[in-house]
Every structure is written in C-alpha cells, then in structure tokens.
Amino acid sequence: MARVLITGAGRGLGLAFVRSCLTRGDTIWAGVRQPEKSPQLTELKAKYPQELHLVPLDVTDAAAIENVWQQLHKEAGALDLLINNAGINSMSADAGGTAAHLRLGELDSNRMLAMFHINAVAPLMLAQRCIDLLATGDNPRIISISSWLGSLANKASGGNYSYCASKTALNMLMRALALEVISKGIITVIFNPGWMQTDMGGPRAKLTPDESARGILQVTDNLTASDAGRFLNWDGTEHPW
Ligand SMILES: NC(=O)c1ccc[n+]([C@@H]2O[C@H](COP(=O)([O-])OP(=O)(O)OC[C@H]3O[C@@H](n4cnc5c(N)ncnc54)[C@H](OP(=O)(O)O)[C@@H]3O)[C@@H](O)[C@H]2O)c1
C-alpha cells in the first residue's frame with residue numbers, strides 16, 4: 001500500500017502505472033498536464049476517489065513541482081515511490097510536431113534543449129524536490145523510464161539525436177543520484193520499458209503498456225540496496241549502458 005507519484009499519468013505507460021498501482025491498493029498522486037484530455041484517468045478518479053489524486057504537473061514547470069510537493073506534504077506526509085515516466089520523442093507534438101530532431105541539417109538547439117529539459121533534467125528536478133518526502137517514506141524508491149535508444153551499446157540506428165542523447169543524459173543523472181541518495185535509504189534505478197503499444201510506440205509494438213508497467217512494478221518491489229544505479233529492462237534483466 002505505497003504512496004506513489006507518477007508523471008505523465010494521463011495516457012500510455014503512465015496511465016498503465018496508475019491502473020496497476022490502484023489494483024494493488026496503492027494511493028496515487030497522478031501528475032497530469034490536462035486531466036480533461038484523459039477520460040480514462042477521469043473514470044478511474046470516479047471509481048477510486050480516495051486512492052487517486054490528480055495533480056496538475058508539467059514537469060518543466062518549477063512552480064508546478066513546488067505545488068506537487070505542497071500537496072504531497074499535506075495529503076501524504078511522505079512518499080514511497082516516485083515514477084519519472086513523462087517523456088517525449090522526436091515525433092511528439094511537444095518536440096515541434098515534426099521529426100526534425102531525427103535529421104542532420106534540420107537540428108535546432110532550442111528544440112533540442114526543450115527535449116533535454118523534459119526527458120533528462122525535469123526528472124532530476126522533481127526527484128530533488130521530493131527527496132525529503134522519500135527519505136521518510138517506507139522502502140523508498142525512485143524509478144525513471146529511459147529507453148534502449150539511450151544506451152551507448154545501441155548500434156541499430158543513427159540519427160534521432162535529441163531523443164537518444166536525452167535518455168543517455170537521464171541515465172547518467174539518475175545513476176549519479178542513485179549513488180548519492182542510497183545513503184538516505186532511497187533506491188534509484190533506470191528502466192527500459194520495452195517497445196510498447198502507446199502513442200509513442202505505435203500499434204505495431206510488441207508489449208502492451210500494462211504488461212510493461214506490471215513487470216516494472218514487480219521488479220521495483222524486489223529491489224535491494226545493491227541494485228541502486230542499475231539500468232534494467234522491464235522484466236528485470238540487465239540492460240547494457
Ligand atoms: N512507447 C515506447 O515504445 C517506449 C519505448 C522506450 C521508452 N519509452 C518511454 O516511456 C515513457 C512513456 O512513454 P509512452 O510510450 O507512454 O509515451 P506517450 O504515450 O507519448 O505518453 C507520454 C506521456 O508523457 C507526458 N508528458 C510529455 N511531456 C510532458 C511534460 N512536459 N510534463 C508532463 N508530462 C509530459 C504526456 O502527457 P500529455 O498527455 O499531457 O501530453 C504523456 O502522458 C517515456 O519516457 C518514453 O520515452 C517509451
């Protein structure tokens with residue numbers, strides 16, 4: 001019965017985390033930019049009014065992060081699990097609505113930095129703000145959703161600069177955090193969720209987001225201090241850096 005904060009909870013993998021956590025009896029603070037655009041989340045809120053709290057959260061907005069901390073401090077007192085899930089890829093509307101981030105010759109530094117902010121820096125900013133809540137939580141963990149495309153061992157394809165590098169940066173930031181906050185008893189790991197059937201992954205993907213979310217939560221439940229800073233697949237196997 002953990003107290004869980006999930007970012008990007010309105011659709012895709014984030015929504016699947018909400019469903020899985022509710023099923024096992026957790027209390028969830030679901031970070032979402034526009035709840036009215038997620039009928040599934042609104043339906044879940046009607047079904048689980050006590051267990052599901054909707055919190056406005058654009059992860060790049062420092063004031064929104066502060067408000068989330070205030071709400072958690074007041075309503076939960078502590079946090080047991082932070083799930084840094086929100087992210088965009090080169091095709092997302094937030095990236096400018098085109099695949100320009102994929103192509104040499106069309107790269108734009110401002111758009112690259114915006115993607116770095118959402119995918120890499122924002123998860124660390126949120127974790128930083130929530131450290132005191134996590135430090136007093138039960139068996140506290142921070143998990144961050146990365147990608148095989150952030151792995152330096154990935155040789156499958158070139159291009160896709162912004163997404164790949166932002167996930168590599170996320171990996172390093174979270175590894176550095178993991179090695180520091182283990183002294184507070186907080187276990188931090190990075191997950192590759194696999195190729196999933198979401199808006200980002202598309203319909204041809206192999207996994208459903210529910211399968212990935214369930215796998216990640218099961219692995220997360222069984223983490224020990226010696227796992228801090230590892231890069232894992234959704235099924236718990238090691239992912240190469
Ligand atoms: N799908 C795959 O195959 C795949 C593979 C590897 C890794 N991943 C990673 O898995 C995570 C979830 O991906 P997904 O497939 O569920 O993607 P998705 O269906 O495109 O959903 C992305 C989520 O991130 C949220 N988001 C984007 N920018 C945000 C911001 N500035 N503030 C707060 N929330 C923001 C979106 O919120 P809105 O609804 O408000 O836009 C949405 O909830 C991402 O980190 C992604 O990089 C996915």
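## Ligand shell and helix packing

By class, the shell around the ligand is made up of 13 nonpolar, nine polar and five charged residues. The model is a predicted one, and the values that follow are computed from it. The shell counts 27 residues around the ligand, of which Arg-11, Arg-33, Asn-85, Tyr-163 and Thr-198 come nearest. Two helices each supply at least two residues of this shell, namely helix H1, which spans 12-23, and helix H5, which spans 161-181.

For Asn-85, which is among the residues that come nearest to the ligand, a backbone N or O atom lies 2.8 Å from an oxygen atom of the ligand. A backbone N or O atom of Met-196 lies 2.9 Å from a ligand oxygen atom, while for Gly-87 the corresponding separation between a backbone N or O atom and an oxygen atom of the ligand is 3.4 Å. On its own the ligand has 910 Å² of accessible area, and the protein covers 93% of that area.

Two packed helices are described by the angle between their axes and the distance between the axes.

| Helix pair | Angle between axes | Distance between axes |
|---|---|---|
| H1 and H6 (residues 209-221) | about 60 degrees | 8 Å |
| H3 (residues 62-75) and H4 (residues 109-135) | roughly 20 degrees | within 10 Å |
| H1 and H2 (residues 39-47) | about 15 degrees | 11 Å |

With an angle of about 60 degrees to H6, H1 is therefore oblique to that helix, and the crossing of H1 and H6 is right-handed. H3 and H4 cross at roughly 20 degrees; because angles under 35 degrees count as roughly parallel, H3 and H4 are roughly parallel to each other, and H3 passes H4 in a right-handed crossing. H1 and H2 pack at an angle of about 15 degrees, which means that H1 is roughly parallel to H2, and the crossing of H1 and H2 is left-handed.

Technical notes: Residues are numbered from 1 along each chain as its sequence is written. This is a predicted model: local features need pLDDT of at least 70, side-chain atom pairs count only at pLDDT 80 or more; totals for chains, interfaces and linings use all residues. Side-chain values use heavy atoms; hydrogens and water are left out. A residue is near a molecule or strand if one of its heavy atoms lies within 4 Å of it. A polar contact is a pair of N or O atoms within 3.5 Å; within protein, one must be able to donate a hydrogen and the other to accept it, and residues adjacent in sequence count only if both atoms are side-chain atoms. Accessible areas come from the Shrake-Rupley method with a 1.4 Å probe; for residues, only the protein chains shown count as cover. Helices (H or I, at least four residues) and strands (E, at least two) are DSSP runs, numbered from the N terminus. Ala, Val, Leu, Ile, Met, Phe, Trp, Tyr, Cys and Pro count as nonpolar, Asp, Glu, Lys and Arg as charged, and the others, Gly among them, as polar. Axes are lines fitted to C-alpha atoms, for helices over the stretch in contact, and angles run from 0 to 180 degrees between N-to-C directions. Angles under 35 degrees count as roughly parallel, over 145 as roughly antiparallel, 65 to 115 as roughly perpendicular and the rest as oblique. A crossing is left-handed if the near helix is turned anticlockwise from the far one by less than a right angle, and right-handed if clockwise.
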